[in-house]
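Please look over the sequence and the model below before reading on. The report that follows goes from the whole chain down to single residues.

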Amino acid sequence: MTGASGVAVVVTDYGGTITPLWQRRGDPRRPVDPYAAAALHVLRRHGGKRLIVASNTRTGVDRRPALRMGGVDEEFDAVFQSAPLRLAKPHPEFYAWVLAAAGCRADEVLWVGDNLEKDVIGPAQHGARTALVRRDGLRPREELPAGTVLIHHIGDLVPWLVPHHRKEETPWAGTHIGGG
Ligand SMILES: [Mg+2]
């Protein structure tokens with residue numbers, strides 16, 4: 001289902017994107033943010049979006065137990081992790097693999113993440129649509145590629161991608177979407 005947005009598949013980064021924004025980088029306990037889990041549930045169950053994880057991982061790190069603990073493992077069609085693949089963002093082949101798995105046109109894929117180079121510029125160069133997740137907005141000297149949306153939390157995708165979803169069911173979902 002693409003709906004009015006034209007988005008059929010949402011590819012999401014893991015750390016800093018669906019983990020709590022209050023966690024420090026490098027914290028080994030990286031559970032899924034319950035608000036992100038709620039958003040992923042709505043995108044899948046109410047919006048009909050297919051979901052894919054695309055995460056750079058260190059050797060020995062597996063995101064799947066955390067996805068299971070967060071109650072979202074069944075929402076995802078595929079989990080791409082760089083360590084077992086021996087390919088990481090921003091390697092072009094990583095994007096090619098994930099976009100092939102999406103099973104739709106690249107411009108029907110929305111790639112979401114907190115890293116401007118790896119989650120936005122790279123996927124955009126491969127034809128995907130992109131959203132940068134930043135609680136505090138852009139950093140000095142950063143510029144968004146044309147068409148990239150800036151959101152504060154992945155939950156901000158819900159009003160955009162699942163506009164028929166009742167807002168009172170997702171009071172945590174902001175409506176702040178900016179960018180160019
Ligand atoms: Mg990240």
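## Overall layout

This is a predicted model. The protein chain has six helices and seven strands. Read along the sequence, these elements come in the order β-α-β-α-β-α-α-β-α-β-β-α-β.

Of the 180 residues in the protein chain, 37% are buried. Among contacts with a separation of 6 or more, 59% are between residues 24 or more positions apart.

## The nonpolar core

In soluble globular proteins, nonpolar side chains tend to be buried together. In this model, the largest nonpolar core has 41 residues. V11, L43, I52 and V98 are the residues with the most contacts inside this core. Two or more core residues come from each of β1, α1 (34-45), β2, α4, β4, β5 (129-133), β6 (149-151) and α6 (157-161). The largest share, six residues, is given by α1.

Leaving out residues up to four places away in sequence, I52 touches V9, V11, F76, D77, A78, F80, V98, A101 and A102. V11 and V98, which are in this list, are also among the residues with the most contacts inside the core.

## Helix α4

Helix α4 covers residues 92-102, and its buried residues are F94, Y95, V98, L99 and A102. These residues lie on the same side of α4, because they cover an arc of only 120° around the axis. On the other side of α4, the exposed residues are P92, E93 and A100.

What do the buried residues of α4 pack against? Their partners include the strands β1 (9-12), β2 (50-55), β3 (76-81) and β4 (109-113). They also pack against the helices α3 (82-85) and α5 (116-125). After α4 comes G103, which has a positive phi near 70°.

## The loop between α3 and α4

P90 is found in the loop between α3 and α4. The peptide bond that leads from K89 to P90 is cis, and its omega is near 10°.

R86 is found in the loop between α3 and α4 as well. Its phi is positive, near 60°, and R86 is a residue other than glycine. Is R86 buried or exposed? R86 is exposed, because 10 other C-beta atoms lie within 10 Å and the cut-off for an exposed residue is 12 or fewer.

R141 is in the loop between β5 and β6. Although R141 is not a glycine, its phi is positive, about 70°. R141 counts as exposed because it has 5 C-beta neighbours inside 10 Å.

I154 lies in the loop between β6 and α6. I154 counts as buried because it has 27 C-beta neighbours inside 10 Å, and a residue is buried at 20 or more. Setting aside neighbours within four places in sequence, I154 is in contact with T12, T17, I18, A36, A39, V112 and V133. From I154 to L132 the distance in space is 9.1 Å, C-alpha to C-alpha, and the two are 22 residues apart in sequence.

Definitions and conventions
Residues numbered from 1 in each chain as written. Predicted model: local features only at pLDDT ≥ 70, side-chain atom pairs only at ≥ 80, totals over all residues. Helix = DSSP H or I, 4+ residues; strand = E, 2+ residues; numbered from the N terminus. Arc of directions from axis to C-beta. Contact = placed C-beta atoms within 7 Å. Core = buried A, V, L, I, M, F, W, Y, C linked by C-beta atoms within 7 Å.
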